[in-house]
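The stops below go from one selection to the next.

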Amino acid sequence: MRSTEKTYEIVIAYVKKMIMNRDLLVGEKLPPEREIAEHLQVSRNSVREAIRIMDMTGIISSQQGSGNYITCDFQKSMVETMSMMFAMDKITPNHISQVRRALEIQAFSMAVKYATEEEIIQIETYVNELDAADDDDEHNAQLDKNIHYTLAKLSRNVLIIDILEALSAVVDIFIRNMRTEILNTEERKGGLNECHYRLVDALRERDVNKGIDAMNLHFDMIDAVLKEEKL
């Protein structure tokens, strides 16, 4: 056996090399633990530790009784990292809003190039549903999430999508009342949805500047609520 301090790193490096060489693709199954241990001349415990770490970071998914599969679900690790940062007071709701503003503006700038009419109609449907919705805070919050997630998807940029989804998950885990506080009056809900309508119009017109103006107005309103409610 190799006498290194962190033998599991050998296993992680081996799997990483296989992925980079395209010997392992997303959805494919890792070799059995015993086979990896024998090939690398490391202990089975080192292989198990490497698998545990890769599962936590989203590289693989361990399925009981079936094996370990390549997933590359890095959003999972981002959620865990951001959640820990929030729990340790390293990030705040204002930080989340600032990053969301920057990324959603970029997402919109890309969406005007790629969005199909069907996708624009999907966002418009969510906007119309939110406009007509009653005082069900959870339902309104979900519709708001749907609008922003769909817009992120239109960027066609996996990294933007994953980061925004991770930020959304942190909001849901730690500050569940943020969305409901922002949408808890007709005035606020109406103001934010007016921004949503402007975003839909800007998408149809392929007008980047109009969309950025609407997005900035949207996040100005959110930041005002965060300050008012001390969220």
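Start by selecting Met215. Leaving aside neighbours within four places in sequence, Met215 is in contact with Glu104, Ile105, Phe108, Leu151 and Leu199 (contact means heavy atoms within 4.5 Å). This is a predicted model, in which local features need pLDDT of at least 70 and side-chain atom pairs count only at pLDDT 80 or more, while totals for chains, interfaces and linings use all residues. Residues are numbered from 1 along each chain as its sequence is written, and side-chain values use heavy atoms, with hydrogens and water left out.

Met215 is listed with Phe108, Ile123, Leu151 and Leu203 as having the most contacts inside the largest nonpolar core, which has 46 residues. A nonpolar core is a set of buried Ala, Val, Leu, Ile, Met, Phe, Trp, Tyr and Cys residues joined through side-chain atoms within 4.5 Å; buried means under 20% relative accessible area, exposed over 50%, and partly exposed in between, with a 1.4 Å probe and protein chains only. Among the elements that give two or more residues to this core are helices H4 (74-87), H5 (93-114), H10 and H11 (208-229). Helices are DSSP runs of H or I with at least four residues, numbered from the N terminus. H5 gives the most, eight residues. Apart from this core lies another, of 17 residues, among them Val42, Ala50, Ile59 and Ile70.

Stay on H5 and select Arg101, which is placed in that helix. Is Arg101 buried or exposed? Its relative accessible area is 18%, so Arg101 counts as buried. Its side chain joins that of Asn216 through a polar contact of 3.0 Å (a pair of N or O atoms within 3.5 Å; within protein, one must be able to donate a hydrogen and the other to accept it, and residues adjacent in sequence count only if both atoms are side-chain atoms). Beyond four places in sequence, Arg101 is also in contact with Phe219, Asp220 and Asp223.

Now select residues 186-205, helix H10. Its buried residues include Leu192, Cys195, Leu199 and Leu203. Seen down the axis of H10, the buried residues fall within an arc of 165 degrees, so they line one face; the arc is that of the directions from the helix axis to the C-beta atoms. Glu186 and Glu187, on the other side of H10, are exposed. Just after H10, Arg206 takes a positive phi of about 55 degrees.

Cys195 counts as buried because its relative accessibility is 1%, and Cys72 as partly exposed because its value is 26%.
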